[in-house]
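User: Please show the sequence and the model. I would then like to go through some local features in turn.

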Amino acid sequence: MRDRAGMRAADDDRQAVADQLRVAVDEGRLDLHEYDERLHRAYTAKTYGELDVLLADLPTGSAPVGANGAGPALPGELVATGAVDSTVVPASGGRSVTRRWVVEVWGPWLRAVPIVVGIWAVTSLLAQDLFFFWPGWVAGPWGVVLAVRTVQGLATGEPARQAAKRERRRQRKREKEIRSQARGSAEPDGRELPGTPG
C-alpha cells in the first residue's frame, strides 16, 4: 500500500489546509508572517506529505478531516462542522484597534472643522469685523452625532468588528495573491500547471 505522504494532493486538499491555517492565525497560533509563508507553501504543495508538514505543530497535527471522517475536509465541510470560526479576531491589541476606530469615526470632523474655522477667521480678518461664529453650526451638531455614535460603538464592540472585517478582507486578498502565484509557477518537470497561460 502506498504511503499517504507520497500521494499527490488535490486542489481541495490544498484549500482545506489553507482554511486550517486561517483558523490557526485567527486563534493566534501563527503570526501573519508564518501564515503567509505556510499559505504559499500550501498552494504550491504537490503531495500530502508537503501539506502535513505545514500542520504538524498545530493542535490537530494533520490535515483537517471531513464531516464524513473519510478524508481531508472540503472548505464547506469545515464551515459546516464549525472548524472555521465566522469571526476573525484581529491580531493587534484591543487598545490600538479602538484608537484606530475612533480616529476613523472622528477623522472627517477633525479635518473639516479647522477648515471652516479658518474660513471664518480669514473672512472676519479681511472684513475687519468679528462675524457671527457660524462654524459652530457645523462643528456642534456633527460633533454631537459623532459623540453618540462613538459611545454606542464602544458599548457594542464596533471597533473589534471593524478590525475583524478588515483582517478578513486582508487575508482573502493575500490568499488570492498567493493562489494566483501558485497557479503561475511551473511543475518540477517543466510543465505548466493547468490553467496557466502557455
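User: Does Q128 count as buried or exposed, and at what relative accessibility?

Analyst: This is a predicted model, in which local features need pLDDT of at least 70 and side-chain atom pairs count only at pLDDT 80 or more, while totals for chains, interfaces and linings use all residues. Residues are numbered from 1 along each chain as its sequence is written, and side-chain values use heavy atoms, with hydrogens and water left out. Buried means under 20% relative accessible area, exposed over 50%, and partly exposed in between, with a 1.4 Å probe and protein chains only. Q128 therefore counts as exposed, at 74% relative accessibility.

User: Where does Q128 lie, and what is its phi?

Analyst: Q128 lies in the loop between α5 and α6; helices here are DSSP runs (H or I, at least four residues), numbered from the N terminus. Most residues other than glycine have a negative phi. Q128, a residue other than glycine, has a positive phi, near 55°.

User: Which residues make the nonpolar surface patch of about 600 Å²?

Analyst: Patch residues have over 30% relative accessible area and no salt bridge, with nonpolar side chains (Val, Leu, Ile, Met, Phe, Trp, Tyr) joined within 5 Å and like charges within 9 Å. Areas come from the Shrake-Rupley method with a 1.4 Å probe, and for residues only the protein chains shown count as cover. W134, in the loop between α5 (94-127) and α6 (135-156), is partly exposed at 33% relative accessibility. The patch is made by I115, I119, F132, W134 and W137.

User: How many salt bridges does a search of the whole structure find?

Analyst: A salt bridge is a side-chain nitrogen of Lys or Arg within 4 Å of a carboxyl oxygen of Asp or Glu. Another is E167 with R170, at 3.6 Å from N to O. The search of the whole structure finds 12.

User: Why are R100 and E104 separated by about one helical turn, and what is the N to O distance of their salt bridge?

Analyst: R100 and E104 are separated by about one helical turn because they are four residues apart in helix α5. R100 is partly exposed at 46% relative accessibility, and E104 is partly exposed at 39%. Their side chains meet in a salt bridge, with an N to O distance of 3.4 Å.

User: Which residues are linked with E175 in a network of salt bridges?

Analyst: E175 belongs to helix α7, and R22 belongs to α1; both take part in the contact of these helices, where contact means heavy atoms within 4.5 Å. The residues linked with E175 in the network are D19 and R22.

Technical notes
Helix = DSSP H or I, 4+ residues; strand = E, 2+ residues; numbered from the N terminus.
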